[in-house]
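The sequence and the structure are shown below.

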Amino acid sequence: MTARPDPCADLYTVDDDEQRILNLLYAGFSDASIARRLGVGHRTVQRRVQRLMEQLGANGRVALGARAQELGLLRPTRPPNEPRGRPSQRTPSRNA
């Protein structure tokens with residue numbers, strides 16, 4: 001009897017660009033916006049989204065985001081206006 005292939009085995013083939021696409025999709029960006037941010041063509045993003053949906057077994061963009069979250073594939077991102085490095089710490093106001 002042969003071992004059945006692990007259905008999650010392909011999850012580890014998500015490359016850095018696909019990871020960025022997943023995070024941007026989950027944040028609500030359109031394909032065109034993602035393409036501009038990554039410096040690639042709109043069709044490239046569409047093809048990669050389609051590949052991710054097939055790879056993760058999702059039947060749509062919303063399902064793809066939910067599946068990626070379920071599988072722990074979404075990486076936390078820093079807020080757009082926060083500088084890199086340590087987050088700033090506010091001191092309490094004395095007037096409070």
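Q19 lies in helix α1. The model is a predicted one. With a relative accessibility of 6%, Q19 falls under the 20% cut-off and therefore counts as buried. Apart from neighbours within four places in sequence, Q19 is in contact with V14, L73, L74 and R75.

The chain as a whole holds 4 helices and 0 strands, and from the N terminus its elements follow the order α-α-α-α. It has 96 residues, of which 26% count as buried. Taking the contacts between residues at least 6 apart in sequence, 53% join residues at least 24 apart.

Helix α1 covers residues 16-26 and helix α4 residues 61-70; their axes come within 10 Å and cross at roughly 115°. The range for roughly perpendicular runs from 65 to 115 degrees, so α1 is described as roughly perpendicular to α4. The crossing in which α1 passes α4 is left-handed. On the α1 side the contact is made by L22, L25 and Y26, and on the α4 side by R61, L64, G65, A68 and Q69. By class, the residues of this contact are 5 nonpolar, 2 polar and 1 charged.

A second residue of interest is I21. Not counting residues up to four places away in sequence, I21 touches I34, L38, R48, V49 and L52.

| Residue | Residues in contact |
|---|---|
| Q19 | V14, L73, L74, R75 |
| I21 | I34, L38, R48, V49, L52 |

I21 also belongs to the largest nonpolar core, which has 16 residues. In soluble globular proteins, nonpolar side chains tend to be buried together. Within this core, the residues that touch the most other members are I21, L22, L25, I34, V49, L52 and L64. Two or more residues each are given to the core by α1, α2 (31-38), α3 (42-56) and α4. The largest share, 5 residues, comes from α3.

Terms used: Residues numbered from 1 in each chain as written. Predicted model: local features only at pLDDT ≥ 70, side-chain atom pairs only at ≥ 80, totals over all residues. Heavy atoms only, no water. Axes fitted to C-alpha atoms, helices over the stretch in contact; angles between N-to-C directions. Parallel < 35°, antiparallel > 145°, perpendicular 65-115°, else oblique. Left-handed = near helix turned anticlockwise from the far one by under 90°. Contact = heavy atoms within 4.5 Å. Nonpolar A, V, L, I, M, F, W, Y, C, P; charged D, E, K, R; others polar. Buried < 20%, exposed > 50% of the residue type's maximum accessible area, 1.4 Å probe, protein only. Core = buried A, V, L, I, M, F, W, Y, C linked by side-chain atoms within 4.5 Å.
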